[in-house]
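Please keep the structure in view while reading.

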Amino acid sequence: MEFIKKLFGDEFTRPIKKYQLIVEKINKLEDDISKLSDKDLRAKTDEFKKRLEGGEGLDDILPEAFAVVRETAKRTLAERHFDVQLLGGIALHKGTITEMRTGEGKTLVATLPVYLNALTGKGVHVVTVNDYLSRRDAIWMGQIYDFLGLTVGVMTHDASFLYDSAAIADKDKERDEKGSFKLVEDFIRPVTRGEAYRADITYGTDNEFGFDYLRDNTERKVENLRQREFNFAIVDEVDSVLIDEARTPLIISAPSDEAEDLYGTFARIAGQLKDEEDYTVDEKSRTVSLTQEGISKAEKALGVDNIYTEKGIKYVHHLETATRAKALFQNDTDYVVRDGRVILVDPFTGRMQWGKRLSEGLHQAIEAKEGLEVQRESRTFASVTYQNYFRMYPKLSGMTGTATTSAEEFFKVYGLPTVSIPTNKPPQRIDSNDFIFQTEQGKYMAVATKVKELNKKGQPVLIGTVSIEKNEVLSEYLTRQGIPHQVLNAKNHEREGEIVAHAGRKGAVTIATNMAGRGVDIKLGGINAGEEAYKEVRGLGGLYIIGTERHEARRIDDQLRGRSGRQGDPGETRFYVSLEDSLMRVFASDSIKSMMGTFNIPEDQPIENRFITRSLEKAQAKIEGFHFDARKQILKYDDVLNHQRRSVYEDRRKVLMGDREKMEIYIEQAQDQMTAEQKSLFDSLRKDMTEEVFYESVGRIILQTIDMLWMEHLEIMNYTRSSVNLRAYGQRDPLVEYKREGLRLFKEMKESVIEELAKLLPYTTEDIKTEEKLNLREIHKAGSILAAAGGGKPAISNKPLNEKGEKIGRNDPCPCGSEKKYKKCCALK
């Protein structure tokens, strides 16, 4: 089997031979292109655009376009694309997930397909994992695009910019020296969101692109729209964006009711509950179950005999949520407290997730647990999963250092094949077997001893931890040993690039959470080190990586290893794990634990055992499969809503853009439901208005009605999603039930839109202020909410409940006893 793979290549390397033929064409053009003057080189952009307009395709001009970008990089960055980087650029252009090892220059690789596809004038989105990398890459690589006459936009969570080359000369020198890790912001100027999107190339984070899509679909005025039609996106660190974050949908919401005092009450009750005695925790599925003793304690604290019958679903929901907040969410691991606010921490990267909040009242429960002011609850206005957002791009590709372990998911969910690009130089890094310890304390003592040994001879060390808390604990161990070191975690992410960039200096010791400066190159000897400093550190063995715990995903461990051994440099990596680590504690078998106990060795004495290492890898594969299944399940449910979302947003966009034919369809359907008196009034009003004013007024009313009822529909669908799971007890498939219910509810929503229009349109006037009825503009000030993965109960809204504690549906009998439907009775009051 191995012989066949070597002969023909495996599924990940097979396309390389075909791409190699294109690389040869590019190389043949290099001499001629290098003879062009700056002016003639810049003129190639206009030439390519004319050729595309004349009928040639992107593949036809690819070799020459890539040769032009390579030459421009030589003149502006003093960097020349290697042949393997050309291979990576071709793979990205072909719409693949491109795996390139860390240090192979993925940022420079992206300039090739970005330039080529931007020539169409339809825009290219470059998606990064944080605001820092968006700005850094736009400023750093922007000089290539700017030289060739293309515009570059940048978006962050609170601002947007355009690349501007009109900076003073000494800033250009600073960018050349420090641009790989430092932001030289003189090269970007603030602009509107729309201007940034209208640039030929736009850099931004996955969050910003997704949220702007949702914001555009809640706008009431054409001039407020940001994005244009989707064309091509390249996703950097694609595994982080399309897989790690795929379990958490993007949700735009705004505050609704004032937060209730119940959060504080139940936080105090949950604080008195004891693990195992009052509740049990399933760490594998991250769920909490109250025991009878725990329920009794809560009932006693509340002064009730039966919480279920006397207080109903609302109090039960608060109790369960407060207990989850206590048992599953830990400060400095799952979140940090900053300026009186709970800021979530990304479990995969260790970065703070500004502006994101957990839904279902869970975020409020954590705020109450920490004794902070509880923020108001919210209502969902728009939502989309990462999977369905990125599948809207006609052409999509991504790059990362670790893709092959997730190739199945990339292909099944996004239809993207994975291609593995060879390294420019043969790798020399040594990946040593894991050291296994009985206790966490023994592990940290051993790490500190090893770091002291390495530091004494001057070999740089990068230590990876899984959380902020572990990061700071290990820092204390090193401090006791008198080892000078830098700490990098979500609390000081502002200095991330600079700290990581210097991690390769002689004697440097850096402790980092999982983000470990993804996207920042660690060069031996340090940034801009001379040949002598580089050779000295190389001679010491290069960068030594210590992982202090195995992560749930093998990709994250591989990313940490990948910080060492760039461009054929030497290096070594080793993981130090203990039986008290969460992965071993939850997933390791009892036989391993009992076997470890029989060795009877000191706690800081390691053993190397391939059997245990294999068990860890099996546990990781098991967890990856578990998360893959969870993401697939979320996608199946969201696909139901996605069909409805696209239908609503398509109709909404047509009305917003002034499509009179579409508006007439709504008008005709509404007139069918009007009384003779309403029709007469409507016709009279229509005659009194100019055609332009009439359609403008009607358009506003239609948008307001769609938005109001779509928001209610999202709430009902969320509730339906959680309630259908109970039907599994009746031997019915919850997904099938959700599809059936979703179809019925969507049909009712569309009927309700027409019913509402029939009541509103007869009172259309030129100065109607429909936005006063439901001012969705507030959502843009409200920020975003990140929904917790999985089910859960709906957020409490203004809708009344029936005797079972369930929300009244629009088509349910009205609780007032009138025997009319709720939407025809009290909903109108």
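Is Arg574 buried or exposed? The model is a predicted one, and in it Arg574 has a relative accessible area of 11%. Because buried means under 20% relative accessible area, Arg574 counts as buried.

- Arg574 belongs to strand S23, which covers residues 571–578.

**Aromatic pairs**

- A pair of aromatic rings is described by two quantities, the distance of the centres and the angle of the planes.
- The count of aromatic pairs comes to 18.
- In one of these pairs, the ring centres of Tyr213 and Tyr389 are 5.8 Å apart and the planes stand at 55°, so the pair is tilted.
- Tyr213 lies in helix H10 (residues 206–216) and Tyr389 in helix H17 (residues 386–390), so this pair ties together parts that are 176 residues apart in sequence.
- Tyr213 and Tyr389 are both buried.
- Phe230 and Tyr393 form another tilted pair, with 4.6 Å from centre to centre and 45° between the planes.
- This pair, too, links distant parts of the chain, 163 residues apart. Phe230 is in the loop between H10 and strand S7 (232–236), whereas Tyr393 is in the loop between H17 and strand S15 (395–400).
- Phe230 is buried, as is Tyr393.
- The residues of both pairs belong to one cluster linked by ring pairs, which consists of Tyr213, Phe230, Tyr389, Phe390, Tyr393, Tyr649 and Trp710.

**Charges over rings**

- Arg42 places its charged end over the ring of Phe147, at 4.4 Å from the ring's centre.
- Lys395 lies over the face of Phe232, and the distance to the ring centre is 4.9 Å.

- Thr111 is part of helix H6, which spans residues 106–118.
- Thr111 has a relative accessible area of 1% and is therefore buried.
- Apart from neighbours within four places in sequence, the residues in contact with Thr111 are Val69, His81, Met141, Ile144 and Tyr145.

Definitions and conventions. Residues numbered from 1 in each chain as written. Predicted model: local features only at pLDDT ≥ 70, side-chain atom pairs only at ≥ 80, totals over all residues. Heavy atoms only, no water. Helix = DSSP H or I, 4+ residues; strand = E, 2+ residues; numbered from the N terminus. Buried < 20%, exposed > 50% of the residue type's maximum accessible area, 1.4 Å probe, protein only. Contact = heavy atoms within 4.5 Å. Phe/Tyr/Trp six-rings, centres within 6.5 Å; stacked < 30°, edge-to-face > 60°. Lys NZ or Arg CZ within 6 Å of the ring centre and 35° of its normal.
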